[in-house]
Amino acid sequence: MATQESVTVGRPRLFDEDVVLGELTGLFWRHGYAQTSMSQIVEISGMHKPSLYRAFGSKDELFARVLRRYLAERMGAFAAMIDSSGSGPEAVHRFLDLFETDAVSARGRDGCLMVMASNELRGHLHEYDFAADYREQMRACLSVLVARACGVDEAAAAGAEVVRTRTDLLTTYLLGMHVIMRSGAPASEIHDHLRALHQTVDLW
C-alpha cells in the first residue's frame, strides 16, 4: 500500500508502508526493542523523523504495529503448515517436520520476534498485551491441528478436553523451542528436542 509522505514543502514522496514495516521488523528482530535507536529506525525506513512520527507515531506505537504485522504473518505461516499436514495422527508429525525445516533455516535460527519481545518487555507495549495475543492465536491455530489429528468433534465435551490439553502441550513446547532456536543451538540439538516431542505425540 503506497502512502504519501510529505517530507518538505514541495512534491510529496511516496513510501510503501508494508515495505517500511518489513524493514523495521528485521531491525527490531536483530537488535531487540531497547537496543534499536530512533536514528537506526530513521536510517532503515528511509523517512525523515517528522514524517516517521506522523505515519507511525512514537517508537512504542511503531513497535506495536511491527508486532501486530509479524503476528499476522506468523499465524498465516502456521495455518499454511497445518493445512498441508492433512489429518489423522500423522498430521502432527508432518507439522513438526515442517516446523523443524523452518527452525534450522537462516530465518528460523533467529527464533520468534514475539517470544523475544515478550522476554524483553514482559509481554506488554503501549497498552497492547502482545504476549497474550500471541498465545491465544497460537492456541487457536494449533487446536485445529490437534482436532484433525484426534479425529474428535471439538464440540463434544470429552473431545474438547482432549484437544485443549494437547493444544496447551504443543503451545508450551513450541514457545520453548523458539527460545532454544534463538540461543544458537545447533540443528542436531533442535532435532533431538523435536524428536522427543514426536515420541510424546506417539503416546497420544
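Seven aromatic pairs are counted in this predicted model. One of them joins phenylalanine 28 and phenylalanine 63. Phenylalanine 28 is buried, at 0% relative accessibility. Phenylalanine 63 is buried too, with a relative accessible area of 1%. A further pair is formed by tyrosine 128 and phenylalanine 130. Here the centres lie 6.2 Å apart and the planes stand at 55°, so this pair is also tilted. Tyrosine 128 and phenylalanine 130 are both buried.

Phe28 and Phe63 also belong to an aromatic cluster, together with Tyr33. Lysine 59 lies over the face of tyrosine 33, 4.4 Å from the ring centre. Tyrosine 128 has a charge over its ring as well: the charged end of arginine 68 sits 3.8 Å from the centre.

The chain holds nine helices and two strands. Of the 204 residues, 43% are buried. The accessible surface of the chain is about 10400 Å². Carbon and sulfur atoms account for 54% of this surface.

Helix α1 also contains threonine 25. This residue counts as buried, with a relative accessibility of 5%. A polar atom of the threonine 25 side chain lies 2.7 Å from the backbone oxygen of leucine 21. Beyond residues up to four places away in sequence, threonine 25 touches Val66, Arg69, Tyr70 and Leu113.

Helix α2 spans residues 38–45 and has two contrasting sides. Met38, Ile41, Val42 and Ser45 are buried. Seen down the helix axis, these buried residues fall within an arc of 100°, so they line one face of α2. An α-helix has 3.6 residues a turn, so residues three or four places apart point the same way. On the other side of α2, Ser39 and Glu43 are exposed. The cover over the buried residues of α2 includes helices α1 (17–31), α3 (49–56) and α4 (59–83). Just after α2, glycine 46 adopts a positive phi of about 75°.

Arginine 94 lies in helix α5, which runs over residues 90–103. Arginine 94 is partly exposed, at a relative accessible area of 36%. Leaving aside neighbours within four places in sequence, arginine 94 is in contact with Ser85, Gly86 and Ser87. With serine 87 there is a polar approach: the backbone oxygen of serine 87 is 3.4 Å from a polar atom of the arginine 94 side chain. Arginine 94 and histidine 198 are 104 residues apart in sequence. In space, their C-alpha atoms are 9.8 Å apart.

Definitions and conventions: Residues are numbered from 1 along each chain as its sequence is written. This is a predicted model: local features need pLDDT of at least 70, side-chain atom pairs count only at pLDDT 80 or more; totals for chains, interfaces and linings use all residues. Side-chain values use heavy atoms; hydrogens and water are left out. Helices (H or I, at least four residues) and strands (E, at least two) are DSSP runs, numbered from the N terminus. Buried means under 20% relative accessible area, exposed over 50%, partly exposed in between (1.4 Å probe, protein chains only). Contact means heavy atoms within 4.5 Å. A polar contact is a pair of N or O atoms within 3.5 Å; within protein, one must be able to donate a hydrogen and the other to accept it, and residues adjacent in sequence count only if both atoms are side-chain atoms. Accessible areas come from the Shrake-Rupley method with a 1.4 Å probe; for residues, only the protein chains shown count as cover. The arc is that of the directions from the helix axis to the C-beta atoms. Rings of Phe, Tyr and Trp (its six-membered ring) pair if their centres lie within 6.5 Å; planes under 30 degrees apart count as stacked, over 60 as edge-to-face and the rest as tilted. A charge sits over a ring if NZ of Lys or CZ of Arg is within 6 Å of the ring centre and within 35 degrees of the ring normal.
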